[in-house]
Amino acid sequence: MLGQTPEEAFANPGIERDVLTSWEHFLSGTGAGGRVVRPAINDSWLRSQKSAVDYRRSQAPMPMNDERLHCLLDKRTRLVHAGASTMALARDYMRETGTVMVLTDVDGIVLRLEGDTKLALRNAVEKTHLLPGSNWSETTCGTNAIGTALETGQAIQVHATEHFCSGIQRWTCSASVVRDPIDGAVIGAIDISGLSDSYGRQALALAISAAARIEAQLLQMELDARYRLLDQCFWMLPPSDRHHAVLFDSAGRPFKANGEMAQILRDLGAPHSQSSFPLLGSSDDRPWNNLRPAWIKEEWLRPVAYQGEHLGTVMVAPKPAVSSRSVSPPAQGDARAFTNIIHSDPKMHAVVEKCRRVGTTAAPVLLLGETGVGKEVFAQAIHSASPRRSGPLVVVNCGSVSRELLASELFGYVDGAFTGARRGGMAGKIEAASRGTLFLDEIGELPLDLQPMLLRALENGEISRIGETAARKVDFRLVAATNRDLQAEVDAQRFRKDLYYRLAVVPVIIPPLRERRDDIPLLVDQFVAQAKSRYGLAGRRFAPEVLECLRHYDWPGNVRELRNLVENLLLTSSGDPIEPSDLPDTILRTEHSREPGLSLAESAERDLISRTLRSCNGNVTATAAALGLAKSTVYAKLHRYSIRVDPSSAGLVR
């Protein structure tokens, strides 16, 4: 098969009867296919016979049960997602030709099927077991496009009597393998199947094109996942003077290190011939077991997940020359946890030191601050500094899903708890955070009826899954964050007072960027370095005038907005250094509109109040609520900055 020409991949329907005669001779032992049967088919018949496939088979084995199929789909989730959009694009073709498109994994198990729904074809599909969860490998069903493509690693058409099993010879199918875009390994197949009268050469071309499209989407998904992994674990990476750090992607492939990758792996004792470590790609709660390579110690490894997706693994190991005494014991936390929070401002320094002290305890922490100030970065650092840092850091955004989904995500559910519940039930994120840290972002969005359940977990260390009466013990450290004024939410009876006091054992107010403007040049340097590493960019500088403009800007999106701007300028501007003319108009207008007599902070505050008042149509009560200030305070500031409201139009007059 390695020497197969493209033309040999196509079937010839005009010799169907001759192929049938050759197949009969083959089974009787009187001869092989000769020149009538393509070498690829003849070789497959030989393999099928050697595998003791019953040539009288008329269908694949019964599909696996729903529970096993759900587990498999979870394991192959990226392949399924990449295949779904590609298969949707081929619906019109399949409707016109009376065919179905089938996506399988590397073992020939059908993951997804889509296509023509006419009764005759649907009945044939069901009768033949061409269904999700069925096995169409060559060793199970003999010569067929899916199994033979997977066996040989090449695209192929199998038409009618070319099938090894007599009961499948009423079909024609065309399949191409799907390869991992990173290492080229075969990970599945895409197949177009129909009854034998649906034969068309174009079906194989479409299968090959679909496989290429799926591989392109897989590549983009893998790159996106690696970027998210870098974002999530940048704070974990230690200085390279005493430690080796290696990042493994979700398949267990090392792709980034704080030094020369091959040398680091050699230092740690990795086999020279091994380039990937699949066990590190597991997304199970306990991904490392007795089969873990002997040269990897479990305490070196930290899984990284975001919103339920296993992104990969960080391995941090001491360099061989460093004594084990230099590695901090878990109970003392990680002294480097906060080194990646760049700052020089005294107010920010006080916040970091407060978090550093409380990080070594088990006390709940409530992070308060505007959107984009870096609350999740602080949560990650607190976890890394804690005695629980070897456990998971589980992140849940309380404002990103509906009440029903949030309840099941946090607390889990039992089998049959609701329509669509996974068979066997599912553990929630609170259970997943066992012996680790649970970070509840946007805690102010937590629905009122779920708040007593969270309070019970904090007070008693107990939860009950949805649909369950028995209590389960849980052991986790809570870090919560919000940009809301929770005290005001309590006063408005939108947040429980008892939960608020339980959360606010250690409240930490992270200052907005406009209150730490001297940190902006340091942050710009950090974001430039990160962007160079992430996007492979050349070194670029920011002109002093640009940094001055950035210092004067209000930064409503705070550090996140600054990072996005830096990356945008590095990617879209061409000059070196980057000049003020490269800046967006919003920042330049702020620089030009500064009024004399006001400090930088006062000017920023005046602009914020003006914009908020305008967005609230001049309503001072709504403006005060939006800013988290008392109404009397807003009136005082309106007077201080000579901002007034035109009552006739509810518009702002300056």
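Which side chains meet in a salt bridge with Arg 226? In this predicted model, the partner of Arg 226 is Asp 249, at 2.8 Å from N to O. The legends below start with an overview and return to this pair in the third view.

**View 1. Overview of the predicted chain.** The chain contains 24 helices and 18 strands. Of its 654 residues, 48% are buried. Among contacts with a separation of 6 or more, 68% are between residues 24 or more positions apart. The accessible surface of the chain is about 30,600 Å², and carbon and sulfur atoms account for 51% of that surface.

**View 2. The largest nonpolar core and the surroundings of Trp 45.** This core has 33 residues, and those with the most contacts inside it are Trp 45, Leu 130, Trp 136, Phe 164 and Trp 171. At least two residues of the core come from each of helix H1 (16-28), helix H2 (39-50), strand E1 (99-105), helix H6 (119-128), helix H8 (145-152), strand E3 (156-159), E4 and E5. Apart from neighbours within four places in sequence, Trp 45 is in contact with Val 19, Ser 22, Trp 23, Phe 26, Val 37, Thr 143, Thr 161, Glu 162, His 163 and Phe 164. A second core of 32 residues is separate, and Leu 366, Ala 407, Phe 411 and Leu 454 are included in it.

**View 3. The salt bridge between Arg 226 and Asp 249.** The structure holds 34 salt bridges, and one of them joins the side chains of Arg 226 and Asp 249. Arg 226 is part of helix H9 (residues 201-233), whereas Asp 249 is in the loop between strand E6 (243-248) and strand E7 (254-257), so the bridge ties together parts that are 23 residues apart in sequence. Buried means under 20% relative accessible area. Arg 226 counts as buried because its relative accessibility is 14%, and Asp 249 counts as buried because its relative accessibility is 0%.

**View 4. Two further salt bridges and a network.** The side chains of Glu 353 and Arg 356 meet at 3.3 Å, N to O. Both residues lie in helix H11 (residues 346-359), 3 residues apart, about one turn of the helix. An α-helix has 3.6 residues a turn, so residues three or four places apart point the same way. Glu 353 is partly exposed at 23% relative accessibility, and Arg 356 is partly exposed at 30%. In another salt bridge, the side chains of Arg 494 and Glu 489 meet at 3.0 Å, N to O. Here Arg 494 is partly exposed, with a relative accessible area of 47%, whereas Glu 489 is buried, with 8%. Elsewhere, salt bridges that share partners link Arg 78, Asp 180, Asp 183, Glu 222, Arg 226, Asp 249 and Arg 253 into one network.

**View 5. A nonpolar surface patch that includes Ile 182.** Ile 182, Leu 219 and Leu 223 make up this patch, with about 190 Å² of accessible area together. Ile 182 is located in the loop between strand E4 (171-179) and strand E5 (186-195). The relative accessible area of Ile 182 is 33%, so this residue is partly exposed.

View 6. Val 546 is 35 residues from Ser 581 in sequence, and their C-alpha atoms are 8.8 Å apart. Ser 581 belongs to the loop between helix H20 (558-572) and helix H21 (585-592) and is exposed, with a relative accessible area of 64%. A cis peptide bond, with omega about 10 degrees, joins Asp 576 to Pro 577.

**View 7. Positive phi at Glu 442 and Asn 558.** Glu 442 is not a glycine, yet its phi is positive, about 55 degrees. This residue lies in the loop between strand E12 (436-441) and helix H15 (451-460) and is partly exposed at 29% relative accessibility. Asn 558, which is not a glycine either, has a positive phi of about 60 degrees. Asn 558 is in helix H20 and is buried, with a relative accessible area of 0%.

Definitions and conventions. Residues numbered from 1 in each chain as written. Predicted model: local features only at pLDDT ≥ 70, side-chain atom pairs only at ≥ 80, totals over all residues. Heavy atoms only, no water. Helix = DSSP H or I, 4+ residues; strand = E, 2+ residues; numbered from the N terminus. Buried < 20%, exposed > 50% of the residue type's maximum accessible area, 1.4 Å probe, protein only. Patch = residues over 30% accessible without salt bridge, like charges linked within 9 Å, V, L, I, M, F, W, Y side chains within 5 Å. Areas by Shrake-Rupley, 256 points an atom, 1.4 Å probe, with all protein chains shown as cover. Salt bridge = Lys/Arg side-chain N within 4 Å of Asp/Glu carboxyl O. Core = buried A, V, L, I, M, F, W, Y, C linked by side-chain atoms within 4.5 Å. Contact = heavy atoms within 4.5 Å.
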